[in-house]
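User: Hi! I would like to learn how to read a protein model. Could you walk me through this one?

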Amino acid sequence: MIKKGENTMDGFVPVSIAAERSNYSISMVYKMIERNLVEVRDFYGRKLVNLAGVLDYRQRMQSLGAAKHIPCQYREDDTEVEAEVNPTPEAV
């Protein structure tokens with residue numbers, strides 16, 4: 001139950017503020033919302049995102065470095081995907 005005077009939006013900020021504080025573009029934050037990478041709430045027609053979630057995502061991507069472009073590196077399920085880096089025309 002929500003108590004009187006309790007702020008239920010703690011940690012949630014508008015997309016523009018999240019973009020500014022994380023150095024991402026506004027469109028990147030919206031892509032994160034579409035991909036369910038961050039928690040989002042609607043507040044009178046405005047999207048509010050969990051700032052800690054956006055900053056955590058940025059931290060994870062920075063720690064991965066170039067490996068973030070290899071999907072298998074940070075896949076949540078442990079299935080292995082076999083893919084040829086440069087497939088020959090016969091293999092395609």
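Analyst: Here is a short tour, from confidence to helix faces. This is a predicted model, in which local features need pLDDT of at least 70, side-chain atom pairs count only at pLDDT 80 or more, and totals for chains, interfaces and linings use all residues. Residues are numbered from 1 along each chain as its sequence is written, and side-chain values use heavy atoms, with hydrogens and water left out.

User: What does the protein average in pLDDT?

Analyst: pLDDT is the predictor's confidence in each residue, from 0 to 100. Here the protein averages 77, and 63% of the residues score at least 70.

User: How many helices and strands are there in the protein?

Analyst: Helices (H or I, at least four residues) and strands (E, at least two) are DSSP runs, numbered from the N terminus. This protein has 3 helices and 3 strands, and along the sequence they follow the pattern β-α-α-β-β-α.

User: Which residues of α2 are buried?

Analyst: Buried means under 20% relative accessible area, exposed over 50%, and partly exposed in between (1.4 Å probe, protein chains only). In α2, the buried residues are Val29, Met32 and Ile33. They sit on the same side of α2 because they cover an arc of only 100 degrees around the axis; the arc is that of the directions from the helix axis to the C-beta atoms.

User: What do the buried residues of α2 pack against?

Analyst: For packing, think of contacts, meaning heavy atoms within 4.5 Å. The buried residues of α2 pack against α1 (15-22), β2 (40-43), β3 (46-50) and α3. After α2 comes Asn36, with a positive phi near 55 degrees.

User: How far does α3 reach from its first C-alpha to its last?

Analyst: The expected span of a helix is 1.5 Å times one less than its number of residues. α3 has 14 residues and reaches 20 Å, close to the 20 Å expected.

User: And which residues of α3 are buried, and which are exposed?

Analyst: Leu51, Val54, Tyr57 and Met61 are the buried residues of α3. Seen down the axis, they fall within an arc of 130 degrees, so they line one face of the helix. On the other side of α3, Ala52, Gln59 and Ser63 are exposed. The buried residues of α3 pack against β1 (12-14), α1, α2 and β3.

User: What follows α3?

Analyst: Gly65 does, and its phi is positive, near 65 degrees.
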